[in-house]
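Here are some notes for a first look at this structure. Please read them with the model open.

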4 protein chains.
Amino acid sequence: MIKVGIVGATGYTGVELLRLLATHPQARVTAVTSRKDAGTPVAAMFPSLRGHVDLAFSTPEDARLTECDMVFFATPNGIAMNEAAQLLAAGVRVIDLAADFRIRDQAEWEKWYGMTHGAPQLLEDAVYGLPEVNREAIRGARLVANPGCYPTAVQLGFLPLIEAGVIDAATLVADCKSGVSGAGRKAEVHALLAEAGDNFKAYGVAGHRHLPEIRQGLARAAGAPVGLTFVPHLTPMIRGIHATLYARLTQDTDLQALFESRYANERFVDVLPAGSHPETRSVRGANTCRIAVHRPQGGDTVVVLSVIDNLVKGAAGQAVQNMNLMFGCDEQAGLAQVPLLP
Amino acid sequence: MIKVGIVGATGYTGVELLRLLATHPQARVTAVTSRKDAGTPVAAMFPSLRGHVDLAFSTPEDARLTECDMVFFATPNGIAMNEAAQLLAAGVRVIDLAADFRIRDQAEWEKWYGMTHGAPQLLEDAVYGLPEVNREAIRGARLVANPGCYPTAVQLGFLPLIEAGVIDAATLVADCKSGVSGAGRKAEVHALLAEAGDNFKAYGVAGHRHLPEIRQGLARAAGAPVGLTFVPHLTPMIRGIHATLYARLTQDTDLQALFESRYANERFVDVLPAGSHPETRSVRGANTCRIAVHRPQGGDTVVVLSVIDNLVKGAAGQAVQNMNLMFGCDEQAGLAQVPLLP
Amino acid sequence: MIKVGIVGATGYTGVELLRLLATHPQARVTAVTSRKDAGTPVAAMFPSLRGHVDLAFSTPEDARLTECDMVFFATPNGIAMNEAAQLLAAGVRVIDLAADFRIRDQAEWEKWYGMTHGAPQLLEDAVYGLPEVNREAIRGARLVANPGCYPTAVQLGFLPLIEAGVIDAATLVADCKSGVSGAGRKAEVHALLAEAGDNFKAYGVAGHRHLPEIRQGLARAAGAPVGLTFVPHLTPMIRGIHATLYARLTQDTDLQALFESRYANERFVDVLPAGSHPETRSVRGANTCRIAVHRPQGGDTVVVLSVIDNLVKGAAGQAVQNMNLMFGCDEQAGLAQVPLLP
Amino acid sequence: MIKVGIVGATGYTGVELLRLLATHPQARVTAVTSRKDAGTPVAAMFPSLRGHVDLAFSTPEDARLTECDMVFFATPNGIAMNEAAQLLAAGVRVIDLAADFRIRDQAEWEKWYGMTHGAPQLLEDAVYGLPEVNREAIRGARLVANPGCYPTAVQLGFLPLIEAGVIDAATLVADCKSGVSGAGRKAEVHALLAEAGDNFKAYGVAGHRHLPEIRQGLARAAGAPVGLTFVPHLTPMIRGIHATLYARLTQDTDLQALFESRYANERFVDVLPAGSHPETRSVRGANTCRIAVHRPQGGDTVVVLSVIDNLVKGAAGQAVQNMNLMFGCDEQAGLAQVPLLP
């Protein structure tokens, strides 16, 4: 049994980790921290977990996280970077679901996140936790930077094209739409149902923090910098990301075969039949990315449609997938959920 | 392994049966019928099931349902009554998720459902599949009438009070609210997102088909006819029923203790702490009924709040629970889903 | 031209006043206060008002409200009671959209609102602004207490029955459902789209602040105290209240005729044909209450369905209606909006 | 008074015409046809219109449309082309809200709409009703082809750039998102709340009927064919279109000034301040297009955000605007609605 601790489990990625780990055959959550809510039973805050989670929140001091095998940080940016080193020194493996270790270039990170990095010495060792790219490195990792939600959907959609060198990587467009749970469980006016319901808008067009993360991942695959326009939008639903990706083809190729071949052995990436339009609800609650590839009117623009559940393959599910790799479990352990439809 | 057939699996209760049975350790779906869609892979119609269900729809003829151990009818009213007898004669056990066998009084059934009953000889043997009331009878049943969604939420909420004889059973009020999946996967204008979204309305105030079913169940518990006003409403969400129940207390009693005691051994009924307000999302995707009981301002009106997922405890989940009882499985087999929140 | 000031126009009732008054032929908003946002153009915060409202928010000091003819308080509870006296002394008429002057009994108000009343001397003069009951008094009023949203829907539904003396006023039930804009434009976790979306729940069953207001209004009509169980619910939509009202008939009567007669001359109350089920969207954006009355199965329980837009007839629209009465305008001035459907 | 007839007013564009025309000072609807619902009062089908519309649906024969001054076709594609000639011959002006006269090239139209055109002789005279491009021609038109919803949002967004010749018109991308009312008031499974709610998907990537319409309009502005990739999506809301447009800049220019200048005299196009993100709700119920233009990270990709209400500026509102032009009314007559927010 893997002894698991979760730091900051009062947000959506935290409660989703608890949902997934409640069914994991080889892991047991032994500590859930929240300084503010210490003493409160987890199931009192999240009644959906009644009967599934018996723990109460505890202070970080009482949680004795150094006795865990694995600690997840489901915290805001800037927390894990100050607390990971001590855990790693104690032999604990760490997965950060926030952004602290996602960008290898410290200056770039500090520019986008607006703070000084607290543990630059760990950046080199941190492994970017996208199993479809880094599986072997993740197996041996002590510290994993769990990818952002948009970066997961966008990279999985662009990677086959970039790796095969069949598109112009200087003029990529990623038009992305997210449900509101991506904004977290924070009291903010713009995310009220009365504001975000029955409404659609773009945000962050001038520059979103996931842009450098996506560029870094695609550049690694391309072996050179890429040019990317990334526009995120807020759509009035709870879960789900839909990435619509545009690129210019530089050579003719069988796109359907290319995608099917790239993901033939990936259990969590599902390439749909030619002509399909994946729906976000088809992955609701599950750790799956479904992808379709189109070439409208046979022109030289390729359009990729990529959907994930932002809280699962875009956060907690991918984190569990990474834990499974780090501890030698079946990669699907705890991730057998069938999507909830309707 | 229980060999399972599903008749009419292109609706929401059918696809939900498939979702739940996909994780059942002792059951395997071997036939899924749909005359219209015969030959189509189930997962082509419901991409959420890709990777979980490999079957194609087949015609009833090809399905060889008599070779199954268990057949679920997820069909409109009026189908199972004409097909069940043949299956029962072949030794197959049958659960009807529609209303054909729910009302014991043939004339009453024919009045509310507007057709002649096709198998009145089966009405006496059919067991009403509410395990919290009829567990032993279900264990031995050959034919189970799976309860309606409203009747499940309303009966579980009223039963402790009626069984204890502490309310006036002649003046009951059940004000119920349902998500739109309760209307089924049928092309109807009133259920369009553009019609039912951002909108709230009552319907069927003059008389809804679930009224006689609820009255029958409560009368059985009361040992006498009951008086019930039942008003269903449509609320702009996908899954979930919230029943708000009103009754007049005829004697003082510890309501919280009464409810906790009544359901102490029920794994799928969760009595919340005093003062709680259950939310429908706290049972989304799970076979649980959560209940809270209130006595506003200490007056003589008792208010019970009861929530279920209409497609799970209100339909497919309860059907699996009944199957588990009929075949001696653990009552929770295939029903371990943690509710999806948010 | 009536010179209008609005105090606290950054919430939903404030922006709704601005929407309605933008089309009012005899009123002109000259001051909109918000200490926090002073200097910000109103249309910068609410882009829907671009091209319709040219004002900027100003501090209360700069707003020179005493030069207005009419001041609306669209503020939280407890503000108007401390500021109204000075305006009234300057000859300004005042309508409070909050609760400060709704309850005539000071002790009762202080119990439910948890604060000491700042202007008890004004309670006697304040007129309760439900025109269908108090039209003449409103015409002569200096200070109007605009009714709450639930109290408007519930009173309009019960009044014909109570005034006619045909029901038992000791056992009333009001089961009410509200869209989330009723909670205001406040940053609160429970009102996030990710929390309140696709979800249904009751709240405040132990006692909601609108209970004493409704009881006061119904008692006045009955000439005696009434017994009322009031259960509010939150439904996942933006605007709208649906009140489902239950009462026991004490004498036979033509309910449809009773309602039609009571509201024959009311331009903002629409009694639907017998058998109807009013939808909240049928009044979206308009100052209308639509009502249907039912007697299920011909029994002795009467069911009234009453819908309003909580921000219009339940708040800003009713306030404009009151202003029209106070200034001798056509009661419909500024209130000609056709409901937005779909 | 302009005597107005509406053919096929049981759909969303029809009921929206009725809502807008109910407040028009110079037009009066005298006939509303629906063969299926002849005799039914309009307000019985659409209770939102109670008190605003007193007409009943009539058969086309009884409607005496040739006595109207103006007839709107709010019908499916393929109806107006067979009925317009007779009306035009009688001196009636005609606006078709469907697609029959939008494409000048008959063969192109027949290819995309899959039928033989019934009145090719009218194609040359029909004026494309986008006032911001064709105002003078519309004033003199007898027959107006009202633009599609996507084409309105996309053309208004791209036109300033194309007319100024500052982008590469061969590599345009239009990523568009629509609320579900765009699919019409038709009973279809995919548009049910239980299907389209809490879900996001693309559709028609291989080729949508609005593609040739947009290309035709942009080509006219460019003076040469354009290359366009157009991907529509369905978003879980009722009204609204959000177009996110991407183009490659071929010369440096002050984009904000370009847009402000282009639309300086347009009362229904609102260019937002630099850095803005227009929301669909900011135009809900109003005949306004709000636009923002961005140049992310100062690169050579321009991103235009354009929002409309698909039923108003994208359909019925634009039709009324066209009628106003054709009859010499103030262009804003009947179009003074303030958007409904929240």
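1. Start with helix H1(A). Its buried residues are Tyr12(A), Gly14(A), Val15(A), Glu16(A), Leu17(A), Leu18(A), Arg19(A), Leu20(A) and Leu21(A). Buried means under 20% relative accessible area, exposed over 50%, and partly exposed in between, with a 1.4 Å probe and protein chains only. Nine of the ten residues of H1 (residues 12-21) of chain A are buried, so the helix is largely enclosed by the rest of the structure. Helices (H or I, at least four residues) and strands (E, at least two) are DSSP runs, numbered from the N terminus.

2. What do the buried residues of H1(A) pack against? In chain A, they pack against strand S1 (2-7), strand S2 (27-33), helix H2 (42-45), strand S3 (70-73) and helix H11 (312-326). Contact means heavy atoms within 4.5 Å.

3. A note on the basis. This is a predicted model, in which local features need pLDDT of at least 70 and side-chain atom pairs count only at pLDDT 80 or more, while totals for chains, interfaces and linings use all residues. Residues are numbered from 1 along each chain as its sequence is written, chains are lettered from A and ligands numbered from 1 in the order in which they are written, and side-chain values use heavy atoms, with hydrogens and water left out.

4. Look next at Ser58(A). It sits in the loop between H2 and helix H3 (60-63) of chain A. Its relative accessibility is 17%, so Ser58(A) counts as buried. Not counting residues up to four places away in sequence, Ser58(A) touches Val32(A), Thr33(A), Ser34(A), Ala38(A) and Ala63(A).

5. Pro296(C) is another loop residue. It lies between strand S12 (289-294) and strand S13 (301-308) of chain C. At 10% relative accessibility, Pro296(C) is buried. Leaving aside neighbours within four places in sequence, Pro296(C) contacts Thr301(C) and Val303(C), and also Val205(B) and Thr229(B). Gly275(C) is 21 residues from Pro296(C) in sequence and 10.0 Å away in space, C-alpha to C-alpha.

6. Chain D has an open sheet of seven strands, with mixed pairing and the order S8-S9-S7-S10-S13-S12-S11. Strands S8 (201-202) and S11 (269-271) of chain D stand at the edges with a single partner strand each, so one side of each has no neighbour in the sheet. Two strands pair if DSSP finds at least two bridges between them. Strands S7 (residues 172-178) and S10 (residues 241-248) of chain D run antiparallel and are joined by six bridges. Ser178(D) stands opposite Ile241(D) in S10(D).

7. Which chains superpose by rotation? A rotation of 180° with 0.0 Å of shift along its axis superposes chain C on chain D (RMSD 0.0 Å). The two copies are thus related as by a two-fold rotation axis. The same surface serves both copies, as 100% of the contact residues of chain C recur in chain D. Copies are superposed by least squares on the C-alpha atoms of residues with pLDDT of at least 70 in both.
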